[in-house]
Amino acid sequence: MTFLRKILDSQARHFEKGGRFHFLYPIWEANDTFLFSTGSVTEGPSHIRDALDLKRMMITVVIALFPCVLMAFYNTGLQANLAITYHGAQPLGWRGTLVESLGVSFSPDSLLACLAHGAVFYLPVLVVTFVVGGAWEVLFSLVRKHEINEGFLVTGMLFPLIMPPTIPLWQVALGITFGVVIGKEIFGGTGMNIWNPALMGRAFLFFAYPANFSLDRMWTAVDGYSSPTWLVRMANEGKEVLTHDLGWWNAFLGFETGTLGETSALACLIGAVILIATGIGSWRIMLGVSLGTLATATLLNVVGSQTNAAFDVPFWWHMAVGGWAFGTVFMATDPVSAPYTNKARWAYGFLIGVLIVLVRVINPAFSGGVMLAILLMNAFSPLLDHFVVRANIKRRLARHEA
């Protein structure tokens with residue numbers, strides 16, 4: 001590492017102000033600080049010192065996402081192999097041809113077969129996301145002449161995990177472009193955005209190309225097989241279809257069709273432990289979403305409905321099916337688009353939980369619910385913080401006058 005440090009130091013002058021490659025300084029600086037800590041450090045007692053910088057924070061989130069990434073490989077391949085083996089589906093396009101050319105079977109009982117089949121769907125989406133999204137990040141850094149922020153590292157990891165496995169790669173490029181440019185850069189870049197960039201990219205694709213995000217058919221990476229998703233079946237048939245045909249433990253573990261990396265509540269729970277233990281993810285927001293989901297689902301269970309079977313779905317099914325856990329752990333807790341004050345975080349999380357259940361139950365056309373609930377509450381985050389701050393000021397003024 002010392003040898004590499006000396007090489008970087010010897011070349012620094014070419015990229016700094018006055019050097020012949022000074023216009024490429026953001027790219028050089030990004031690589032330097034990714035490999036080593038920044039060369040500029042604070043000194044003196046007037047500064048607050050913390051070993052956690054933006055890069056280390058983002059790396060920790062990526063580590064917390066690792067279980068979901070594993071599920072993106074395994075479960076995507078598992079669901080495809082089950083459809084091929086038991087439902088007569090055919091391998092899909094060039095990806096299926098690639099798996100066959102590698103001599104890998106389509107057996108759902110083979111770990112290697114499931115991982116390989118899932119990899120040919122997940123990895124291309126991941127690569128396109130980082131190439132296109134990273135290019136936009138670099139372009140804006142060069143134009144603005146500032147350092148490349150590490151914020152896109154997490155956005156680039158999150159975005160592929162919330163995509164259907166069969167999403168066309170050109171739509172992936174469009175979605176991440178919208179998320180980075182419209183969702184973040186036009187607000188000023190990392191730390192300035194109002195909405196979660198990954199969810200903004202998905203929302204754009206959701207409304208621009210609804211056929212690829214329709215919940216009326218399973219998102220299975222095969223050809224010639226389709227069926228409604230479990231969220232749609234839950235909305236139409238209630239909890240019985242989930243209990244009899246899916247099973248809660250299968251849903252909790254993530255062995256269901258869906259997006260590439262959102263299906264496993266267990267994987268998200270592991271990520272939640274990492275984020276809470278490191279102080280990066282807000283446990284108040286996560287618990288608030290849980291309480292909001294519990295309260296709203298329970299209230300609807302008590303009210304009941306003769307025409308809407310989803311009223312009877314208990315809260316533990318809402319938490320296990322679909323992207324509830326992923327949204328709660330990784331999307332709702334985004335430190336930029338979520339509130340900063342602790343009291344506002346409680347209200348923010350609770351209202352997200354309420355909205356998720358209401359959207360799923362009352363409006364089955366958007367039976368996912370999580371994306372819309374989080375984006376809506378992103379818009380109200382500053383207002384929630386404002387009320388908390390004003391209340392604190394009022395309380396302190398009253399105490400001072402007394």
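The legends below describe an overview and several close-up views of a predicted model. Residues are numbered from 1 along each chain as its sequence is written, and side-chain values use heavy atoms, with hydrogens and water left out. Local features need pLDDT of at least 70 and side-chain atom pairs count only at pLDDT 80 or more, while totals for chains, interfaces and linings use all residues.

**View 1. Overview of the protein.** The protein has 17 helices and two strands; these are DSSP runs numbered from the N terminus (helices H or I, at least four residues; strands E, at least two). Of its 402 residues, 51% count as buried, meaning under 20% relative accessible area, with exposed over 50% and partly exposed in between (1.4 Å probe, protein chains only). Among contacts (heavy atoms within 4.5 Å) between residues at least 6 apart in sequence, 72% join residues at least 24 apart.

**View 2. The salt bridge between lysine 184 and glutamate 137.** The structure holds four salt bridges, each a side-chain nitrogen of Lys or Arg within 4 Å of a carboxyl oxygen of Asp or Glu. In the one shown here, the closest N and O atoms of lysine 184 and glutamate 137 are 2.4 Å apart. Lysine 184 lies in the loop between α7 (169–182) and α8 (197–208) and glutamate 137 in helix α5 (residues 111–144), so the pair ties together parts 47 residues apart in sequence. Lysine 184 is buried, at 3% relative accessibility, and glutamate 137 is buried at 4%.

View 3. Arginine 233 and glutamate 237 form a salt bridge (3.4 Å, N to O). Both are in helix α9 (residues 230–237), and because they are four residues apart, about one helical turn separates them. Arginine 233 counts as buried at 17% relative accessibility, whereas glutamate 237 is partly exposed at 41%. Arginine 233 also meets aspartate 245 in a salt bridge (3.0 Å, N to O). This pair links distant parts of the chain, with arginine 233 in helix α9 and aspartate 245 twelve residues away in helix α10 (residues 239–246). Aspartate 245 is partly exposed, at 44% relative accessibility. Through shared partners, the salt bridges join Arg233, Glu237 and Asp245 into one network.

**View 4. A positive surface patch.** Lys343, Arg395, Arg396 and Arg399 form this patch. Patch residues have over 30% relative accessible area and no salt bridge, with like charges joined within 9 Å. Helix α17 (residues 370–401) gives the most to the patch, with three residues. Arginine 395 is found in helix α17 and is partly exposed at 41% relative accessibility.

Notes. Patch = residues over 30% accessible without salt bridge, like charges linked within 9 Å, V, L, I, M, F, W, Y side chains within 5 Å. Areas by Shrake-Rupley, 256 points an atom, 1.4 Å probe, with all protein chains shown as cover. Lys, Arg positive; Asp, Glu negative; His and termini not counted. Charge placed at Lys NZ, Arg CZ, Asp CG, Glu CD.
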